[in-house]
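Student: I'd like to learn how to read domains, helix packing and chain contacts in a model like this. Can you walk me through it?

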Amino acid sequence: MEKIVNDFVINVATANGTGSQSSNLIILHSMFEMGIPVSGKNLFPSNISGLPTWFIIRVSDKGYQAPGDVTNIQVLMNKDTWLKDLEGLEPGTIVIYNQDVKLPVEREDCVLLGMPMTKMARKINPKLGRLIANMYYVGAIAHLLGIDDGAIEKAVQDQFKGKEKAVELNMQAISEGISFARENWEFESHFCVESREKNPDSFLIEGNEAVALGAIYGGISMLSWYPITPSSSLAESVIEWVPELRSDGSGGSTCAVIQAEDELAAAGMVLGAGWAGGRGMTCTSGPGISLMSEFIGLFYFSEVPGVIWDVNRVGPSTGLPTRTQQGDLSMLYEASHGDTQHIVLIPGTVDECFEFGWRAFDYAERFQTMVFGFNDLDLGMNRWTTNGFQYPDGPMDRGKVIRSQEEMGAIANYGRYRDVDGDGIPFRTLPGSGLDPILYRGTGHDEDGIYSEDPQVYHDTMERLKRKIDGSRTNLPEPVIREEEDKELGVIFYGSMENTIVEIDDMLGEAGVSTSTCRVRALPMHPEVENFVRRHDRTIVLEINRDGQLFGIIRKEFPTELIPKIHSVAYSDGMPPRARVYSDMILEVLNEVS
Amino acid sequence: MVRLNVIELEKSEYTGGKSSLCPGCGHDQISNNIIQAAWENGIQPEKIAKMSGIGCSSKTPAYFLGKSHGFNTVHGRMPSVTTGANMVNKDLSFLAVSGDGDTASIGIGQFIHVIRRNLDMVYIVENNGVYGLTKGQYSATVEKGSKKKKGVPNQQAPIDLCAMAINLGCSFVARSFSGSKKQLTALIRAAMSHRGMAFIDVISPCVTFANNDESYKSYNYVKANDEVLHILDYIPHFSPIEEVEVPEGEFREVNLFDGSTLRLETVAADHDYTDAVSALSAIHKSEKAERHVTGLLYYNENVPTATDALGLSETPLVELSEDLLRPSEDSLERVNAGFRS
């Protein structure tokens, strides 16, 4: 059989809480170490121990990162999903299974490779047998694919940093796995890996940690948070990095971190910090946003800066807590009762997670409003490649804050909510300054901040707020556009779909459709998105949800004459987007409309 | 001659806008006491931050301390907003006003947790047992058997906010009455001198919906059933001898954080404000007797504040320069290098 180099999918089926995450990351990192383009998706349950979990590793010289259409190598460790995992495989799949799970492996059309992993593990260490058993499939895969010993060893070292005993124990298990496979399996895999030139600058990191670091470099002065999957690791990363990066030199911390009693309080603390002149932030997921909505309206109406990161999981309600979706977008854009509109930053890569992590504060203070960072579980909790984060390209933008009597004197007719220079953004003063103090309120107020129910005053305030947020369109991150010459089809997408779009594009190309792409990186949308639609015969808005939420926003905001040529392709099942699903749906829509 | 306080400001520097509450409302008396206390203590008005939630009481920050910034937040959520502001500017003096609906019902969770954190603030509940702004529904602090002007007597057990605060380890817990000017002013002044959470539950009759004699929080009822623990004198650190006469009988002195003193002339001899059990006992006994115990119920100066516990920079975070808020470019290179190795 012809060798297939660096182009295959491994699926590892294990039970949660058995330490399999370490094994999976060692496979991932060892290939990454060899310079092979690789990505990993952890499909885990809402559970600490016992429920099934899968890890999908995609190896692709083309740089594809989505889960592939088929599994080429299946690892079976979990008896609960054993039969179903086996049943779904294509003929010819390589199946590596733990022989000590006493279940039948009745797939004669597949390559069946058994190993007594539990028994071997118990021999090394009877107590930790269950955990170490997972290292044997690492050895099995290393043998089949030809992963370098050195790369494996480095990955193990990194995984168990500083724990010499653990390194030794796990290396022994992997070596035994390799030896067993070599001695007992007569099969030679047609899938194999070949080293590529590794960019020495590159490393893998989760989106959540990238946002956390971005926030730290953005001068975050208070993080309030309430634990919720999949955003907790964002807060925990801030906590981890603050001591090293945010000490004042005399042992004091320059960033307060508070675990709040609930999401309402977390949002309230961000509001208080922003009002007092600090850079407050919280992170949560959809259920938290629902709870924070009351405060989000207060941010908007009282014009206080703050940052909220939503790491989207599957809704509605508690939904699928450990699965991914872009289901919160329309909620974020208009969160809270009454007419509101919020700035939403939408990173599509870990580099952008870092960048928007710090920029969010600048936008919040510039526009004196609450700014959302919109991420999802896929980008937030899986590991993606970066070549290193870029330092902010300029000083912090602290916005229109009057800090002295002199500055106050320079403004004729100051009022907290008076637009003195036409951009819809008023000046503000801070508590403690004694400069023109007001009682901030969520009730109707006039340009001086005084309570008012006057119809004209209310109307004018709301129009100014609209003008203010509209004014951000050209300041926010512009869309990333890649355009074909013939302008046949334009695909608008956003966020973590970035990791699947190249493959979708190639599939459409194979079907004879030339596709331009436009990745939206912020709401409200930059005018270039509309221009992109104008230039193309047809536009499809591609998203990971049921209803086509960005499509809904586009339909509401774009000129009526453009709407007939814009179509929605939206699909969500909780899984990271698979290219085939979306490319098929796009082709279907194109068929229908032509 | 115009009287000036220790920082040479007239009292008018501490007043606010005209009240829009019902004439005779207990809350307006509390506002006057707040003005008096802040003025007498010689606090710079701009260093005070006025905080409130939603309700009649929460409207009052518009009626005092017009030179201070303030935030009339959302219903029951004042503590969290105060917490965020305190984290970034711990040098502000936070003076919060809430109501029994705002604190004991919708805001009970935030009340509990802000006490647990021992946030450095003065937290006054203007407690009248009814929701005034929505026209007189019972709140969760109304006593069993108490009856408002319209409707049937309340049947549910009340939440005693002082008892709750003591159980949660609050460092300063007091109860007073809007009509007890001397006691209330002394308690607010002492609360302002305290570092940490100072909670004062002030019974403040609602003249419109619950000032009938069958209401346990009416003027007549409270006057007749006020169980005063001690006579209070506040002695400011800046003029320790001028203001009060030394009492003839037994007294104790509470030494406050800023060097001021609260002198307690004993009335109820068995009450020990340093003992939570004694304080809780006083509350429960008076509740059983359908009376209101007032005075300094509990005090503990040895509780670290929220900012102490976090080990924050000595300088309030809002005053830090950009080079302290944003780590250096070199440090980012080190972070990147750490991930690469």
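Predicted model: local features only at pLDDT ≥ 70, side-chain atom pairs only at ≥ 80, totals over all residues.

Student: Which domains does the assignment give for chain A?

Tutor: Chain A is split into domain 1 (4–192), domain 2 (205–386), domain 3 (400–476) and domain 4 (480–593). Taken over C-alpha atoms, the centres of domain 1 and domain 2 of chain A are 35 Å apart. Their contact takes 7 residues from domain 1 and 6 residues from domain 2. On the domain 1 side, strand S3 (residues 38–43) of chain A gives the most, with 3 residues.

Student: And helix packing? At what angle do H5(A) and H6(A) pack?

Tutor: Look at the angle and the axis distance together. Helix H5 (residues 149–159) and helix H6 (residues 164–184) of chain A pack at about 145°, with axes 10 Å apart. The crossing is right-handed. From H5(A) come A:Ile152, A:Glu153, A:Val156 and A:Gln157, and they meet A:Val167, A:Asn170, A:Met171 and A:Ile174 of H6(A). That contact has 5 nonpolar, 2 polar and 1 charged residues.

Student: How many residues of chain B are in contact with chain A?

Tutor: For interfaces, the general idea is that size is often given as the accessible area lost when the parts come together. Here we have contact counts: 49 residues of chain B touch 52 of chain A. H3(B) gives the most to the chain B side, with 8 residues. By class, that side has 21 nonpolar, 17 polar and 11 charged residues.

Student: Which strand of chain A is joined to S2(B)?

Tutor: Strand S18 (residues 439–441) of chain A, running parallel to S2(B) through 3 bridges. There, A:Leu439 stands opposite B:Gly70.

Note on methods: Residues numbered from 1 in each chain as written. Chains lettered and ligands numbered in written order. Axes fitted to C-alpha atoms, helices over the stretch in contact; angles between N-to-C directions. Helix = DSSP H or I, 4+ residues; strand = E, 2+ residues; numbered from the N terminus. Left-handed = near helix turned anticlockwise from the far one by under 90°. Contact = placed C-beta atoms within 7 Å. Nonpolar A, V, L, I, M, F, W, Y, C, P; charged D, E, K, R; others polar. Domains from an automatic or database assignment. Pairing = 2+ DSSP bridges.
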